[in-house]
Amino acid sequence: MPAVAFLGLGGMGGPMADRVALSGFPVCVFDVSEDRVQERVTTGALASGSPAAAASGADVVCVVVHDDAQVLDVIDAPLLDAMAPGGVVVLHSTVTLATVQTIDQRCRARERHLLDIGISGGVSGAAAGTFVM
C-alpha cells in the first residue's frame, strides 16, 4: 500500500489525514501545531518532527497549508529528496500560478511529480467526508 504524508492538519488537512489513515494506508503527518499532530496519531498516523521527516519514503505527499509562502517553505529540496523515487506531491492549497510553476520545477528537477488539486466543500465537507477534489 502506498505510504502517504500529510503536511498541514487544519480544518481540511486533518480530516483528510484521518480518513486516509482509517482506510489502512500508512500515514505520517506534520504540522506546526503539536496538538493537531497528536489528534492524527489517535487515528493511526505517525507523528514527525519536520516536513522532510514526514515525507521520508512517502509515495504521496499531500500539502494542505495556508498560503504561497508556506507552500514554498514546505516543498523544498530536503522534502523532495526524502520522498520515494517517482513520488507525487499533491498540492491542495490555494496558491498563485507562479507558486505552482515553481513547485513543478522543483519536483521535475528531482524526478517527482506534482498534482495541483483544489478542494471544494469546506471544513464541514472535510469533516463529513463529502468534499470534492
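The chain contains seven helices and six strands, where helices (H or I, at least four residues) and strands (E, at least two) are DSSP runs numbered from the N terminus. In sequence order the elements follow the pattern β-α-β-α-β-α-β-α-α-β-α-β-α. The model is predicted: local features need pLDDT of at least 70, side-chain atom pairs count only at pLDDT 80 or more, and totals for chains, interfaces and linings use all residues. Residues are numbered from 1 along each chain as its sequence is written, and side-chain values use heavy atoms, with hydrogens and water left out.

**Overall dimensions**

The C-alpha trace spans about 35 × 25 × 25 Å along its principal axes. Of the 133 residues, 42% are buried, that is, under 20% relative accessible area with a 1.4 Å probe and protein chains only, whereas exposed means over 50% and partly exposed lies in between. Residues 24 or more positions apart account for 61% of the contacts with a separation of 6 or more; a contact means heavy atoms within 4.5 Å.

**Nonpolar cores**

A nonpolar core is a set of buried Ala, Val, Leu, Ile, Met, Phe, Trp, Tyr and Cys residues joined through side-chain atoms within 4.5 Å. The two cores described here are listed below.

| Core | Residues in core | Members include |
|---|---|---|
| Largest | 23 residues | Leu7, Val61, Val63, Ile75, Leu79, Val89, Leu91 |
| Second, separate | 16 residues | Met16, Ala17, Val27, Val37 |

The members named for the largest core are those with the most contacts inside it. Elements that each supply at least two residues of this core include β1 (4-7), β4 (60-63), β5 (88-91) and α6 (97-109). Its largest share, three residues, comes from α6. Not counting residues up to four places away in sequence, Val61 touches Ala5, Leu7, Ala55, Met83, Val88, Val89 and Val90.

**Helix α6**

In α6, Thr99, Val100, Ile103 and Cys107 are buried. Seen down the helix axis, the buried residues of α6 fall within an arc of 100 degrees, so they line one face; the arc is that of the directions from the axis to the C-beta atoms. These buried residues pack against α4, α5, β5 and β6 (113-116). On the other side of α6, Leu97, Gln105, Arg108 and Ala109 are exposed. Just after α6, Glu111 takes a positive phi of about 55 degrees.

**The loop residue Met12**

Met12 lies in the loop between β1 and α1 (13-22) and is buried, with a relative accessible area of 17%. Leaving aside neighbours within four places in sequence, Met12 is in contact with Val64, Ile119, Gly122, Val123 and Ala126. The C-alpha atoms of Met12 and Gly122 are separated by 7.2 Å, although these residues are 110 residues apart along the chain.
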